[in-house]
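Q: I would like a close look at a single part of this model. Please walk me through it step by step.

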There are 2 protein chains.
Amino acid sequence: MEKCKIEVCYSPALFPYYENPDAIVVVTDILRASSAIVTAFMNGVERIIPVGTLEQAKAYKERGYMVAAERDGIVRDFADFGNSPYNFTSERVRGNQIVYSTTNGTNAIQLASSGCQVLIGAYLNVSALANHIRKQGKDLLVLCAGWKNKFNLEDTLFAGALVEMVLEDDHFHTICDATYGAIDLYDAAREDMMGYIEKVAQRHRLKQNNLDDVIGYCHQLDLTDLIPTLEENYLVPLRNVK
Amino acid sequence: MEKCKIEVCYSPALFPYYENPDAIVVVTDILRASSAIVTAFMNGVERIIPVGTLEQAKAYKERGYMVAAERDGIVRDFADFGNSPYNFTSERVRGNQIVYSTTNGTNAIQLASSGCQVLIGAYLNVSALANHIRKQGKDLLVLCAGWKNKFNLEDTLFAGALVEMVLEDDHFHTICDATYGAIDLYDAAREDMMGYIEKVAQRHRLKQNNLDDVIGYCHQLDLTDLIPTLEENYLVPLRNVK
């Protein structure tokens, strides 16, 4: 049996070179969109409508939707709240649908929709995600949201953590340099993740805006088995996760 | 005094997001174009005309130029020879000018020309290169040629080696995640570089075509002080290297 192929794409701008319609695409934006999305489902959000532009987000707001929208870490004034996982409280989100637009994450989700399934990945749900992927017998492409199309470390480390778990199943293999790079960087960082994360550019950006309180939270493993997936144009929890 | 900034760009497709007209741009394509170019100058080539397309290379051939041209590692039939550093012997190249077109490297050189100086980097000239850069007091951008716009490990490792040397001078600094990634991957690989290189995709491609004899050669340090640079549309040795 031919093995399932694993690849990691470090930037939405590189997606055309990795695109694979047969692959499950896992989108990750650890600080903070994918961690926030997983948190929202943990807290009972019904569905999330990811939109690429602030104009679209604003139009939804005018139609009465609850909107989370930020650029460069800053909440937009028309929005109900921004991109911190701490914003997506049970009180706010349970049973609601939320429109969501962020600097990097929501654009990556839209690109990923060319894959056979789109999943949202974070440390918060990494084991459930790896288990699900191992059972599907499909190729895996991890799309790092990056920062304005630049490479970022925190998404790459997560990609390394995830693919290392998936590769424990020998039905999967990789010949992708970016996948090896992600694994080796994760292995360099894992012993002291919070120490390693000190140097990443996004940590400094968040700190400047007093938004770095979420970094520890976003690196916690397995708070949930929920896996957000794209259905048509909105995110819902994947059903029948075993 | 403001410090000089170091960045690493992992793919020509990401260059627009890193582009910096004030930076010295070092182009690297370790397996094999940048190693071959440095070797050609070691062996006395007068100048190299990098061209992006095979059509351009063929047109030069028809006008009587000596042409090195390959795609996917294979010499093109109209060309005099291909992309192995071993092709650029003293007997062939001394005193000549050569037209050169490769899968990834020559395109990267053309992109890089938006920088304030374009230099060709390889392990073969890495110390001379680092010394030169440290003396210029300018930003540094390392452009990895990659593989058809995908990330590759061998160029990234070289970027790590080079920036580590440049950062020994505290007039330089970095806040670039890709630079940290390159350094950390180089640090993971350096103890056993040939063992590490076993896994890179380009090694497998070269081996399939019996072209992997150059891998050890391309990872030798400091065989020369020559630094190829782009002047107008051709590569010549940088003058006044101290």
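Between which two elements of chain A does the loop with R32(A) lie?

A: This is a predicted model. R32(A) sits in the loop between β2 (23-28) and α2 (33-42) of chain A. A cis peptide bond links L31(A) to R32(A), with omega about 20 degrees. Chain B has a cis peptide bond too, joining L31(B) and R32(B), and omega is about 20 degrees there. R32(B) is in the loop between β2 and α2 (33-42) of chain B.

Now follow β2 of chain B. The buried residues of α6(B) pack against β2 (23-28), β7 (117-121), β8 (139-144), α7 (153-166) and β9 (172-173) of chain B. Helix α6 covers residues 126-136, and its buried residues are V126(B), A128(B), L129(B), A130(B), H132(B) and I133(B). After α6(B) comes G137(B), with a positive phi near 65 degrees.

Next, look at L162(B). Setting aside neighbours within four places in sequence, L162(B) contacts V26(B), V126(B), L129(B), A130(B), I133(B) and V142(B). The largest nonpolar core has 162 residues, and L162(A) and L162(B) have the most contacts inside it. Another core lies apart from it, with 10 residues, including I49(A), V67(A), A69(A) and F78(A). In soluble globular proteins, nonpolar side chains tend to be buried together.

Stay in chain B and turn to N104(B). This residue lies in the loop between β6 (97-101) and α5 (105-112) of chain B. N104(B) is buried, because its relative accessible area is 8%, and buried means under 20%. Its side chain reaches the backbone oxygen of G146(B) at 3.4 Å. Not counting residues up to four places away in sequence, N104(B) touches D29(B), A145(B), G146(B), W147(B) and K148(B).

K148(B) is not a glycine, yet its phi is positive, about 50 degrees. K148(B) is partly exposed, with a relative accessible area of 41%.

N210(B) also has a positive phi, about 55 degrees, although it is not a glycine. N210(B) is in the loop between α10 (201-208) and α11 (215-218) of chain B. With a relative accessible area of 67%, N210(B) is exposed.

Last, back to chain A. The axes of α7 (residues 153-166) and α8 (residues 177-189) of chain A come within 7 Å and cross at roughly 100 degrees. So α7(A) and α8(A) are roughly perpendicular to each other. By class, their contact has 10 nonpolar, three polar and two charged residues.

Notes. Residues are numbered from 1 along each chain as its sequence is written. Chains are lettered from A and ligands numbered from 1 in the order in which they are written. This is a predicted model: local features need pLDDT of at least 70, side-chain atom pairs count only at pLDDT 80 or more; totals for chains, interfaces and linings use all residues. Side-chain values use heavy atoms; hydrogens and water are left out. A nonpolar core is a set of buried Ala, Val, Leu, Ile, Met, Phe, Trp, Tyr and Cys residues joined through side-chain atoms within 4.5 Å. Buried means under 20% relative accessible area, exposed over 50%, partly exposed in between (1.4 Å probe, protein chains only). Contact means heavy atoms within 4.5 Å. Axes are lines fitted to C-alpha atoms, for helices over the stretch in contact, and angles run from 0 to 180 degrees between N-to-C directions. Helices (H or I, at least four residues) and strands (E, at least two) are DSSP runs, numbered from the N terminus. Angles under 35 degrees count as roughly parallel, over 145 as roughly antiparallel, 65 to 115 as roughly perpendicular and the rest as oblique. Ala, Val, Leu, Ile, Met, Phe, Trp, Tyr, Cys and Pro count as nonpolar, Asp, Glu, Lys and Arg as charged, and the others, Gly among them, as polar. A polar contact is a pair of N or O atoms within 3.5 Å; within protein, one must be able to donate a hydrogen and the other to accept it, and residues adjacent in sequence count only if both atoms are side-chain atoms.
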